[in-house]
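Please read it alongside the coordinates.

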Amino acid sequence: MIIAVAGGKGGVGKTIIASNIAILLSRIGKTMIIDADVDNPCIENTLKVLNIQVLKIEEVYRFKPRIIIEKCDLCKKCVDTCPENAIVIIPQMRNIFIIDTLCAGCGCCKLVCDREAIVEDREIEGTVKICKAGTIDLIVGELKPGEKRSYIVMTKIIEGYRDLYRNYDYTIIDAPPGTGAGVFSILKNSDIHIIVTEATRLGFSDFMKIMKLKISKNLNQKTIVVINKYDLNVEISREIENEARKITNYVVRIPYSDNIARSYMIGKPIVLEDLPEKKYFEDITKIILS
Amino acid sequence: MIREIAVASGKGGTGKTFIASNLLYYISKYVDEKCVGVDADAEAPDLALALGDYVEIYSRDDVYESKKAVIDYEKCNLCLNCYNTCRFYAINIDSQGRPTIVEEYCEGCGACSLVCTSDAINYRVVKTGTVIFGKTRHGQKVVTADLEVSGRNTGHLVYIAREKAKSIPELKYVIIDSAPGIGCPVISSIVGSNLLIICVEPTEQSYNGCRRLIQVAQILKVDYRVIINKYDMNIEMSNRIEKEIGNNVIGRIPYSRDIVKSYADMIPIMATNSKIRKDLEEIFEEILKL
């Protein structure tokens with residue numbers, strides 16, 4: 001079973017929910033968490049108390065073309081084909097070069113070159129870490145700062161490790177914030193959606209955008225809407241709940257809690273402690289299993 | 001000369017829109033009315049909302065600059081060259097052995113059509129998103145980049161929104177409310193700005209994001225300053241951040257229910273009598289001195 005945790009807005013509590021339900025699910029089956037927020041992966045800090053062991057680090061590469069000037073006859077085919085206009089030619093100086101920041105790594109230039117003047121180099125875009133946190137396995141993607149192609153690292157962990165995470169009873173994907181292509185692919189490829197939002201105007205607006213994504217793309221999977229910090233504004237919480245009820249019967253409200261905030265800060269998920277707040281995560285887990 | 005100030009954070013939900021909306025409000029009321037906000041968080045845009053929402057729309061431009069491959073199965077000879085060439089996981093093989101396009105991964109680069117032996121691949125142009133320009137209830141001009149749900153090419157949409165903003169005659173200030181993270185839309189928000197304001201909260205998760213973003217700022221050679229938001233949630237950690245980052249920390253903001261309320265009422269704190277107002281004013285004065 002693949003469970004996606006998403007929410008349009010950042011900082012609404014996606015990783016808190018993902019880590020707590022992972023611990024509860026790991027008590028009944030083989031569980032993995034994928035941290036797909038490659039711009040800012042947080043799962044390791046959030047599960048700090050479990051003494052995370054890093055088993056393997058793999059680099060994620062992008063195709064990076066290199067031009068062998070001696071072989072190039074300046075035919076310009078690559079320049080005309082490049083969808084990003086990343087290749088510049090200066091005929092007077094018999095020079096041709098690639099603007100690396102524009103290059104998307106599609107490989108078109110190499111395909112059209114009939115002089116074999118473009119060879120394949122590679123550029124590190126980020127890393128994928130395979131870790132263990134107690135009985136939970138983790139895959140953590142991380143974009144290298146300064147690189148902009150988050151999607152290369154994200155598609156790598158979602159698609160490149162599919163054979164691995166298929167073997168788990170429960171795979172929880174902690175999605176990045178937003179409503180774009182990356183979040184869509186995660187939602188599309190999962191069995192259950194947990195949509196997290198908070199009871200603020202901005203949280204509501206971003207929630208509506210993710211609802212629009214689900215409805216327009218016919219993502220009809222079982223959905224649990226979690227309204228985090230619902231007591232910040234009970235009126236807005238009610239409005240969110242009314243919208244949520246249009247697509248699902250499962251709405252879980254979590255009040256603002258110093259205990260949850262503290263558990264996040266120290267990296268010890270609340271379900272590991274005997275505190276009343278653990279009930280909310282037990283409720284979510286019950287719905288997942290129902 | 002136009003001064004562009006970007007507000008960003010490695011991690012989502014740490015107060016970017018809060019700072020950006022109030023800074024824009026402050027400048028428009030007390031410094032120079034020739035200013036504009038750009039909402040560059042295209043997957044979850046909220047800047048106009050934080051300023052009371054749009055009350056007048058000057059323009060709304062749909063941007064059609066994304067391309068997706070389309071396979072003509074009347075022509076396709078199932079050679080699967082396309083499948084073997086695509087570097088973005090954007091072509092799958094269905095149960096009948098036919099290649100299919102995974103739209104959310106398709107970059108529209110054209111590599112598949114270059115290797116197609118039966119001329120079966122064409123492209124269709126799809127909507128990237130919308131750039132909205134208007135005035136908010138509290139009187140500020142805001143340009144919003146609004147990405148289509150499940151869309152890509154956020155960076156390009158942000159670029160268009162920034163250009164739109166800068167076309168305002170005699171403009172003095174542009175405040176850019178960036179997307180969370182460090183990837184493409186963030187780099188597109190920061191590049192060419194005079195100053196980057198980074199919002200951080202005293203948690204490991206947020207501080208990690210802050211440090212990643214500082215690396216990006218250094219690579220892009222953009223001057224940056226850091227604001228510690230909700231500093232009193234963990235004073236020890238706030239002190240550590242301040243010590244490590246040093247003089248680039250430009251201010252601290254305490255946790256306040258007033259901020260939550262201001263969001264619920266859609267009134268910027270700077271338009272209220274909250275005590276937080278004074279803290280913000282001091283920070284904004286510092287920012288504008290730079």
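**Notes on the two chains**

1. In chain A, β2(A) and β8(A) pair in the parallel sense, with five bridges between them. Within this pairing, Met32(A) is found opposite Thr171(A) of β8(A). The model is a predicted one, and the remarks that follow should be read with that in mind.

2. The strand β2 of chain A, residues 31-35, is also joined to β7 of chain A, residues 136-143, by five bridges, and these two strands run parallel. Here Ile34(A) faces Ile139(A) in β7(A), while Leu138(A) in β7(A) is the bridge partner of Ile33(A).

3. Is β2(A) mostly covered or mostly open? It is mostly covered, since five of its five residues are buried, by a criterion under which a residue is buried if 20 or more other C-beta atoms lie within 10 Å of its own. Thr31(A), Ile33(A) and Asp35(A) point one way from the strand, Met32(A) and Ile34(A) point the other way, and all are buried; a reader checking the side chains may wish to note that Asp35(A) is among them.

4. Chain B has an open sheet of nine strands with mixed pairing, in the order β3-β8-β9-β2-β10-β1-β11-β12-β13. Its edges are formed by β3 (54-63) and β13 (249-253) of chain B; each has a single partner strand, so one side of each is left without a neighbour in the sheet. The twist in this sheet averages 20° from one strand to the next.

5. Within the sheet of chain B, strand β1 (residues 3-8) and strand β10 (residues 173-177) run parallel and are joined by five bridges, and the bridge partner of Glu4(B) in β10(B) is Val174(B). Helix α1 of chain B, residues 16-31, packs on the sheet and touches β1, β2 (35-39), β10, β11 (195-200) and β12 (224-229) of chain B, its direction making about 165° with that of β10(B). Helix α10 of chain B, residues 276-289, also packs on the sheet, touching β1, β11, β12 and β13 of chain B, and its direction makes about 170° with that of β13(B).

6. Each chain is divided into two domains. For chain A these are domain 1 (2-60 + 129-289) and domain 2 (69-116), whose centres, taken over C-alpha atoms, are separated by 42 Å. For chain B they are domain 1 (3-64 + 129-289) and domain 2 (66-126), with 39 Å between the centres, again taken over C-alpha atoms.

7. As to chain B overall, its secondary structure comes to ten helices and 13 strands, and its C-alpha trace spans about 70 × 45 × 35 Å along the principal axes. Of its 290 residues, 52% count as buried. Among contacts in chain B between residues at least 6 apart in sequence, 73% join residues at least 24 apart.

8. Which elements of chain A supply the side that touches chain B? The contact takes 52 residues from chain A and 51 residues from chain B. On the side of chain A, α2 (43-46), α4 (108-112), α5 (150-159), α7 (181-188), α8 (201-216) and α10 (258-266) each supply at least two residues, and the largest share, eight residues, comes from α8(A). The residues of this side divide into 22 nonpolar, 20 polar and ten charged.

9. On confidence, the model scores ipTM 0.94 and pTM 0.95. Chain B averages a pLDDT of 96, and 100% of its residues score at least 70.

Conventions. Residues are numbered from 1 along each chain as its sequence is written. Chains are lettered from A and ligands numbered from 1 in the order in which they are written. This is a predicted model: local features need pLDDT of at least 70, side-chain atom pairs count only at pLDDT 80 or more; totals for chains, interfaces and linings use all residues. Two strands pair if DSSP finds at least two bridges between them. Helices (H or I, at least four residues) and strands (E, at least two) are DSSP runs, numbered from the N terminus. Domain bounds come from an automatic or database domain assignment. Two residues are in contact if their C-beta atoms, placed from the backbone, lie within 7 Å. Ala, Val, Leu, Ile, Met, Phe, Trp, Tyr, Cys and Pro count as nonpolar, Asp, Glu, Lys and Arg as charged, and the others, Gly among them, as polar. A residue is buried if 20 or more other C-beta atoms lie within 10 Å of its own, exposed if 12 or fewer, and partly exposed in between; C-beta atoms are placed from the backbone. pLDDT is the predictor's confidence in each residue, from 0 to 100. Axes are lines fitted to C-alpha atoms, for helices over the stretch in contact, and angles run from 0 to 180 degrees between N-to-C directions.
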